[in-house]
Amino acid sequence: MATISRYDTSAGKRWEVRYRTPERKTTRKRGFTSKRQAQDFAATVEVEKMRGEYVPPQLGYITIGEIAPAWLERKAADLKPSAYRSLEGAWRVHVKPRWADVRISDIDLDAVERWISSMSSQRGATVVIRAYGVLAGILDSAVKSRRLARNPARGVENLPRKGRKARVYLTHEQVDALADAAGDKRALVYVLAYCGLRWGEAIGLRVRHLDLLRKRLTVVENAVQVDNHVYVGTPKSHTSRTVPVPDFLLLELARQCEGRARDDLLFPGRDGDYLRRPVSFTGWFQKAVEKSGVPRVTPHDLRHTCASLAVQAGAHVKSLQRMLGHASAAMTLDTYSDLFDDDLDAVGDALHQARSAPIVSKACPPS
């Protein structure tokens with residue numbers, strides 16, 4: 001059993017706890033400002049020993065800044081460059097200044113919640129949630145490496161909620177106007193709006209990815225621009241997918257293939273390499289938006305337009321999921337729940353018709 005003793009310091013009375021580790025070695029922890037704190041620690045140690053959860057306190061003396069580099073290195077290997085860039089930025093700007101010099105054993109839930117509240121008063125929900133995720137992820141790795149018995153950052157109750165930005169869905173006529181205003185990018189606008197590809201997936205298309213006889217294109221590559229460098233990898237879901245091509249778009253794509261070899265990019269930039277993301281406000285896409293007079297949209301908004309037009313055409317949610325490359329139909333429903341409001345009306349109408357239908361008594365069959 002642990003023993004508790006008092007000692008004096010220049011700051012006043014303090015208590016220490018002496019106890020045995022699971023290896024039967026005697027150790028101690030000092031600095032408790034009250035006997036009750038020492039008793040609570042001693043009781044906790046005994047419970048952790050019985051459960052096999054005991055972690056030597058000295059293993060928690062390492063700081064967040066000391067264990068973060070290894071965690072970031074693992075994330076760099078696991079994540080796509082664009083995702084890692086956001087994560088690394090959150091560490092550098094928000095987590096490192098506050099927590100780098102703090103021992104992991106000194107972090108408690110209250111301190112984490114105060115940090116979140118401070119950030120929330122100055123930053124948007126997305127920034128706060130990402131920064132919290134970095135801190136919690138680093139501490140999760142400390143738990144896995146047996147430096148902590150539990151993650152003190154888990155269980156926060158004051159994380160802000162991300163508001164859902166209102167989406168803009170273009171009509172068929174508006175897509176036509178935008179495509180006409182896009183000049184030599186006309187076919188690209190149609191692919192984004194009617195095939196639902198992400199920007200990186202569209203500019204990663206090669207001639208050999210088209211099968212115009214079957215009216216299909218295959219999404220194999222995703223070319224993501226991070227700063228001024230383009231990283232080419234797999235699609236977001238890490239799997240290729242086949243997407244239907246509407247009949248009217250076949251001729252547009254056939255023209256786009258003219259003079260190009262099978263391995264050539266379908267929508268190359270001026271230098272023949274991957275087409276760069278259009279610059280906000282001054283790029284070709286924004287100029288086409290202004291010229292066409294359609295509501296202000298981004299290239300990614302055309303993916304949402306594709307979902308809207310497909311739902312209006314009666315597409316099944318499972319087919320829409322496969323087309324957009326979502327991980328599950330549930331994700332598609334969650335993302336585009338606003339597009340299925342008409343389904344609620346249909347349910348209400350069906351229930352009304354069922355209730356209003358004449359009831360035929362089984363006990364009195366018609367003569």
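**Exercise 1. Find which residues R206 touches, leaving out residues up to four places away in sequence.**

Step 1: Apply the contact cut-off, heavy atoms within 4.5 Å. R206 then touches E221, R262, D263, D264, L265, L266 and Y274.

Before we go on, a word on the model: it is predicted, so local features need pLDDT of at least 70 and side-chain atom pairs count only at pLDDT 80 or more, while totals for chains, interfaces and linings use all residues. Residues are numbered from 1 along each chain as its sequence is written, and side-chain values use heavy atoms, with hydrogens and water left out.

Step 2: R206 lies in the loop between α8 (199–203) and β4 (210–211); helices (H or I, at least four residues) and strands (E, at least two) are DSSP runs, numbered from the N terminus.

Step 3: Look for a polar contact (N or O atoms within 3.5 Å, one able to donate a hydrogen and the other to accept it; residues adjacent in sequence count only if both atoms are side-chain atoms). The side chains of R206 and Y274 are joined by one of 3.0 Å.

**Exercise 2. Decide whether R206 is buried or exposed.**

R206 counts as buried because its relative accessibility is 15%. The class buried means under 20% relative accessible area, exposed over 50%, and partly exposed in between (1.4 Å probe, protein chains only).

**Exercise 3. Trace the pairing of β2.**

Step 1: Strands pair if DSSP finds at least two bridges between them. β1 (residues 3–9) and β2 (residues 12–20) pair in the antiparallel sense over 7 bridges, with T3 opposite R18 in β2.

Step 2: β2 also pairs with β3 (residues 26–32), antiparallel over 5 bridges; here V17 stands opposite K29 in β3.
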